Amino acid sequence: VASFTIEMARLQGNTEGVQRAFERAFPNSFTILQNLRAATRGTVTDFELMQRTLQATNLGLEVQALPQLFEFAAVRAQQTGESVDYLVDSIVRGIGRKSPLILDNLGISAIRLKEKFDGAALASQSVADVTRAVSEIAGEELGKMGGHVDTATTKVDRMNVAWTSLRTNLSKAIDSSAIIDFFTEAFNGMARLLKGQKEIARESVQQRAATEFQ
């Protein structure tokens with residue numbers, strides 16, 4: 001029970017912090033989240049979507065470009081067997097850091113990126129220009145790949161998202177902080193009791209030793 005409660009409290013704390021930041025950053029946060037859920041076909045948790053969106057905007061990406069980029073990452077994950085979360089993270093960091101090495105995780109080669117800039121190095125471009133170039137490549141690839149299809153892996157990902165959502169809502173419904181306070185006090189009480197017992201035992205040994213010496 002203690003372990004479950006701690007897990008719920010940690011999940012609630014992490015989610016609430018990211019959600020507050022997400023809602024402060026975007027007045028239309030609900031619409032953005034809905035679009036990203038649709039783009040990834042429900043295979044990425046809300047926590048991850050909000051976290052990656054905040055990370056993307058901090059790195060200079062425009063939020064309007066994210067649905068297509070995330071959809072591309074989700075479809076590429078199906079093709080390669082990689083985790084959707086991993087490729088969503090890769091496309092955000094790859095663009096934000098202007099890193100061909102990271103973008104290569106999604107099958108976007110450095111040569112193809114250079115072609116978008118007439119042979120110029122990626123590092124010399126702005127994040128906005130890199131976003132535009134990767135978005136164009138993503139659109140081209142989505143056209144070739146035929147879009148997202150339901151597979152056994154997709155269903156497992158959705159199940160994991162649903163399980164996380166259930167735990168998140170459950171953590172909000174119960175007062176986990178009060179339960180944690182109870183367990184904390186109980187554990188401290190047990191520690192004090194054990195410490196007291198140890199001190200009593202030590203005093204008893206010392207008194208016995210003194211009696212035998214006399």
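This report covers the nonpolar core and the salt bridges of a predicted model.

The largest nonpolar core holds 42 residues, and the members touching the most others are L69, F70, I91, I95, L103 and V134. Two or more residues each come from α1 (2–25), α2 (29–39), α3 (46–59), α4 (66–80), α5 (84–96) and α8 (127–145). Beyond its neighbours within four places in sequence, L103 has contacts with S90, I91, G94, I95, I108, L113, L122 and V134.

L33 is a residue of helix α2. Its relative accessibility is 9%, under the 20% limit, so L33 counts as buried. The C-alpha atoms of L33 and M50 lie 7.3 Å apart, with a separation of 17 residues in sequence.

The whole structure contains twelve salt bridges. Three of them are tabulated here.

| Salt bridge | Closest N to O distance |
|---|---|
| R41 and E71 | 3.7 Å |
| R112 and E140 | 2.7 Å |

R41 is partly exposed at 31% relative accessible area.

R112 belongs to helix α7 (residues 110–116) and E140 to helix α8, so their pair ties together parts 28 residues apart in sequence. R112 is buried at 19%, whereas E140 is partly exposed at 36%.

E136 and R132 are both in helix α8, four residues apart, about one turn of the helix. E136 is partly exposed at 33%, and R132 is partly exposed at 38%. Through shared partners, salt bridges join R76, R112, K116, R132, E136, E140, E141 and K144 into one network.

Technical notes: Residues are numbered from 1 along each chain as its sequence is written. This is a predicted model: local features need pLDDT of at least 70, side-chain atom pairs count only at pLDDT 80 or more; totals for chains, interfaces and linings use all residues. Side-chain values use heavy atoms; hydrogens and water are left out. A nonpolar core is a set of buried Ala, Val, Leu, Ile, Met, Phe, Trp, Tyr and Cys residues joined through side-chain atoms within 4.5 Å. Buried means under 20% relative accessible area, exposed over 50%, partly exposed in between (1.4 Å probe, protein chains only). Contact means heavy atoms within 4.5 Å. A salt bridge is a side-chain nitrogen of Lys or Arg within 4 Å of a carboxyl oxygen of Asp or Glu.
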